[in-house]
Amino acid sequence: MAYVDAEIASQPDCWREAAQLAGTVAADLPRPGERVAVVGCGTSWFMAAAYAGLRERAGHGETDAFQASEFPTGRRYDRLIAITRSGTTTEVLDLLAALRGQTPTTVLVGDPASPATGLADAAVTMPFADERSVVQTRFATTALALLRAHLGDNVEALAADAEVTVRAPLPIDPARIEQATFLGRGWTVGLAQEAALKCREAATFWAEAYPAMDYRHGPISIAAPGRLVWAFGELPEGLPEDVAATGAAFVHSRHHGCHTVLGSWAAGRTPVDPMADLILAQRFAVALATSRGLDPDAPRHLSRSVVLA
């Protein structure tokens, strides 16, 4: 079994541990009413975007998400949260160093001994969610689970949903698909972006991601038989019918469970949270890699952390 398989399967327990941790580190996390920026790189940026959407939706205050390299240093925030699995990523370290003494910073990190913990004002360490795999899965979702717990979400219910999706059959056979597009609305746009990235990283597979309402403004032009459209969260009215007309397979994760025009995988299935459905997309990406004869633990051109000279 690949490292990433075991790490994907461990997510329900990691989320539960994160929920317990959230109560002990609350003082280092955003308070209601604070103006907050959340940063990361790659997968961590997508989790930052998901959290930003959730925090604003919950009415806790203005929340912006940025790639660490693109943070607008001229803006002022009450607090900055940095998400970084390794705590060694150059762009994150540079930003934390630049903001010292100007903006309170908290880092969510997997390695307690990483340099990021010394640069931030506070560190929330999650070694139980750290990973051997290059491709991020459980650390990213565990960081989001911790932040959701701090917002008051029922993470035990999320973990129960995750127990379902770590074992459920995949909604579609990866060997039958030549291209995938992932869609989201609001906070789930970040999940869609992350699902597409997993397919590119693990399987060097053609995968894209868009806000669901924007999909019909051009990207739908590539939908066709043998291709897949996978949506997280709320569905725009008429979208399933528009995708069906292209001949592409359609999977929707949320209100009616996952279903596809190629089958009835979701018959009788109870809907689960979109973050739990991201686990299905992670597993789909790993299965894609295997079907293409690739090792998902050795993705092409990638390393566990980007450290620039």
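Which residues of the largest nonpolar core touch the most other members? Of the 67 residues in that core, Leu108, Leu146 and Phe182 do. A nonpolar core is here a set of buried Ala, Val, Leu, Ile, Met, Phe, Trp, Tyr and Cys residues joined through side-chain atoms within 4.5 Å. Buried means under 20% relative accessible area, exposed over 50%, and partly exposed in between, with a 1.4 Å probe and protein chains only.

The model is predicted: local features need pLDDT of at least 70, side-chain atom pairs count only at pLDDT 80 or more, and totals for chains, interfaces and linings use all residues. Residues are numbered from 1 along each chain as its sequence is written, and side-chain values use heavy atoms, with hydrogens and water left out.

Helices are DSSP runs (H or I, at least four residues), numbered from the N terminus. Apart from this core lies another, of 18 residues, among them Tyr77, Leu80, Ala82 and Leu96. Not counting residues up to four places away in sequence, Leu146 touches Ala18, Leu21, Ala22, Leu29, Leu108, Val124 and Met126; contact means heavy atoms within 4.5 Å.

Ala276 is found in α10, which spans residues 274-291. Ala276 counts as buried because its relative accessibility is 0%. Beyond its neighbours within four places in sequence, Ala276 contacts Trp15, Leu158, Asp161, Ala162 and Thr165.

**Packing of α6 on α10**

The axes of α6 (residues 138-151) and α10 come within 11 Å and cross at roughly 175 degrees. The two helices are therefore roughly antiparallel, a label for angles over 145 degrees. Axes are lines fitted to C-alpha atoms over the stretch in contact, and angles run from 0 to 180 degrees between N-to-C directions. On the α6 side, Thr141, Leu144, Ala145 and Arg148 meet Met275, Leu278 and Gln282 of α10. The residues of this contact divide into four nonpolar, two polar and one charged.

**Aromatic pairs**

Rings of Phe, Tyr and Trp (its six-membered ring) pair if their centres lie within 6.5 Å; planes under 30 degrees apart count as stacked, over 60 as edge-to-face and the rest as tilted. The count comes to eight pairs, including the following.

| Pair | Centre to centre | Angle between planes | Class |
|---|---|---|---|
| Trp45 and Phe46 | 5.2 Å | 35 degrees | tilted |
| Trp230 and Phe232 | 6.2 Å | 20 degrees | stacked |

Trp45 is partly exposed at 23% relative accessible area, whereas Phe46 is buried at 8%. Trp230 and Phe232 are both buried.

Definitions and conventions
Angles under 35 degrees count as roughly parallel, over 145 as roughly antiparallel, 65 to 115 as roughly perpendicular and the rest as oblique. Ala, Val, Leu, Ile, Met, Phe, Trp, Tyr, Cys and Pro count as nonpolar, Asp, Glu, Lys and Arg as charged, and the others, Gly among them, as polar.
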